[in-house]
Amino acid sequence: MTLTDRLIAEGYDVETATDGETGLARGSAESFALIILDGMLPGRDGFDVCRTIRQRGVQTPILMLTARGQVVDRVVGLKLGADDYLTKPFEMAELLARLEALLRRVPRAAVPPGDSYQFGDVKIDFRKAEVTRAGQALELSAREFKLLRYFIEHRGATLSRDELLNEVWGYNAMPNTRTVDVHVAWLRQKLEAHPRRPQYIHTIHGLGYKFIA
């Protein structure tokens, strides 16, 4: 199983580039939660890509992967702007732990969706608090609607169950993390074509949930 396959199996949405020029172009122009950068990319190597991305003002967290094990190489990678550094060969469990740690550091600023938002065949009118799927009205509870709105406002971010409890249910409420799981399951039943293989509300194992549209 490749690294890409394993990350997808863990619930991540993965885009790949096979050379330094493509990686630099995509990392500079597109929005990602995190960049995994191989130091030995063909064309531009990962160190050059990392330096140039930072020179262009991109602040996306970068995890460097390289076969180089010398301390000086690790120091150079970090000085060029990498946030973490992992030497090959590595254990997948360690890579996942480092990814999770980097993602937890990323600020989760809300992105207002405007008066309406659409993903797939689902349409949401926030002013009217109405949700339709394929033109048919959906019955969402007030809590389900608030949870869906929070997912949309923080689309692409990994949201912990504790964060969802605090922001959707409120600090003074008394639910537990199981409450979040139940409400997510209800949303999936109403919004997803295949609730057991969700396309939009993804489980990020050990961390929480992520909305991807």
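Visitor: What counts as an aromatic pair here, and how many does a search of the whole structure find?
Guide: Rings of Phe, Tyr and Trp (its six-membered ring) pair if their centres lie within 6.5 Å. Planes under 30 degrees apart count as stacked, over 60 as edge-to-face, and the rest as tilted. The model is predicted, so local features need pLDDT of at least 70 and side-chain atom pairs pLDDT 80 or more, while totals for chains, interfaces and linings use all residues. Searching the whole structure gives a count of aromatic pairs of four.

Visitor: Which residues do ring pairs link into a cluster?
Guide: Residues are numbered from 1 along each chain as its sequence is written, and side-chain values use heavy atoms, without hydrogens or water. The cluster joined by ring pairs consists of Y117, F119, Y200 and F211.

Visitor: Are the rings of F119 and Y200 stacked or edge-to-face, and why?
Guide: Their centres are 4.8 Å apart. Their planes meet at 65°, so the pair is edge-to-face.

Visitor: How many residues apart are F119 and Y200?
Guide: F119 sits in strand β4 (residues 116-119). Y200 is in the loop between α8 (177-191) and β9 (201-204). Helices (H or I, at least four residues) and strands (E, at least two) are DSSP runs, numbered from the N terminus. The pair links distant parts of the chain, with a separation of 81 residues.

Visitor: Is F119 buried or exposed?
Guide: Buried means under 20% relative accessible area, exposed over 50%, partly exposed in between (1.4 Å probe, protein chains only). F119 has 3% relative accessibility, so F119 counts as buried.

Visitor: What share of the 213 residues is buried?
Guide: Y200, at 10% relative accessibility, also counts as buried. Across the protein, the buried share is 42%.
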